[in-house]
Amino acid sequence: MDGKTEYLQLLQEPISRMSTISSIFKGFTATIVSGLSLISYSTMNIAVLALSFLPVVTFLILDLYYLRLERQFRYLFDQVREDKHKIDFSMRLTNNPQELKQAKARIRDCIKSPSIYLFYPMMILMLVVVFILKFCEII
């Protein structure tokens with residue numbers, strides 16, 4: 001038990017930071033999409049509107065990356081909590097495919113997370129609608 005609480009606290013910090021980063025990415029994405037939707041009512045070049053997909057996709061990729069790291073840290077946290085990992089204060093994460101599967105830290109597992117599949121497809125859909133409306137000169 002020596003140092004277990006301190007080790008768990010050490011592991012909890014990056015988990016908290018990564019969930020905060022995920023919220024920040026979603027805020028940036030929502031701001032970009034809503035801002036571009038508003039700006040598109042005025043004169044906006046279609047090429048600029050098409051480039052607006054880039055930051056949304058970039059935030060999606062970054063959010064997937066940080067969700068994967070967060071799940072790996074949660075797995076390590078659980079391993080320490082259940083005394084399946086020695087208390088060595090290492091922050092080394094597993095790359096073992098079997099452990100990644102158990103931790104649900106594979107990319108396909110992260111895509112299946114509601115925080116990803118309920119948010120980003122809707123943002124992309126909104127950009128597609130604005131792009132189509134602008135391209136058809138409806139707005």
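Trainee: How much space lies in the largest pocket?
Mentor: This is a predicted model, in which local features need pLDDT of at least 70 and side-chain atom pairs count only at pLDDT 80 or more, while totals for chains, interfaces and linings use all residues. Residues are numbered from 1 along each chain as its sequence is written, and side-chain values use heavy atoms, with hydrogens and water left out. A pocket here is an open set of points on a 1 Å grid over the protein atoms alone, where a 1.4 Å probe fits, with protein on both sides within 12 Å along at least five of seven lines. Volume is the space filled by probe spheres set on the points, joined across faces, edges and corners, and for the largest pocket that comes to about 170 Å³.

Trainee: Which helix gives the most to the lining of the largest pocket?
Mentor: Lining residues have an atom within 4 Å of a point, and here they include Q72, Y75, L76 and Q79, along with K84 and H85. Helices are DSSP runs (H or I, at least four residues), numbered from the N terminus. The top contributor, with four residues, is helix α3 (residues 53-81).

Trainee: How do the lining residues divide into nonpolar, polar and charged?
Mentor: Asp, Glu, Lys and Arg count as charged; Ala, Val, Leu, Ile, Met, Phe, Trp, Tyr, Cys and Pro as nonpolar; and the others, Gly among them, as polar. On that scheme the lining of the largest pocket has three nonpolar, five polar and four charged residues.

Trainee: Which residue forms a salt bridge with D63?
Mentor: A salt bridge needs a side-chain nitrogen of Lys or Arg within 4 Å of a carboxyl oxygen of Asp or Glu, and the whole structure has seven. In this one the closest N and O atoms are 2.5 Å apart. The pair links distant parts of the chain, 37 residues apart, with D63 in helix α3 and its partner in helix α1 (residues 4-39). Both residues are buried (under 20% relative accessible area, against over 50% for exposed and in between for partly exposed, with a 1.4 Å probe and protein chains only), and the partner is K26.

Trainee: Is E70 buried or exposed?
Mentor: E70 meets R74 in a salt bridge of 2.9 Å, N to O, and both lie in helix α3, four residues apart, about one turn of the helix. R74 is partly exposed at 41%. With a relative accessible area of 9%, E70 is buried.

Notes: Helix = DSSP H or I, 4+ residues; strand = E, 2+ residues; numbered from the N terminus.
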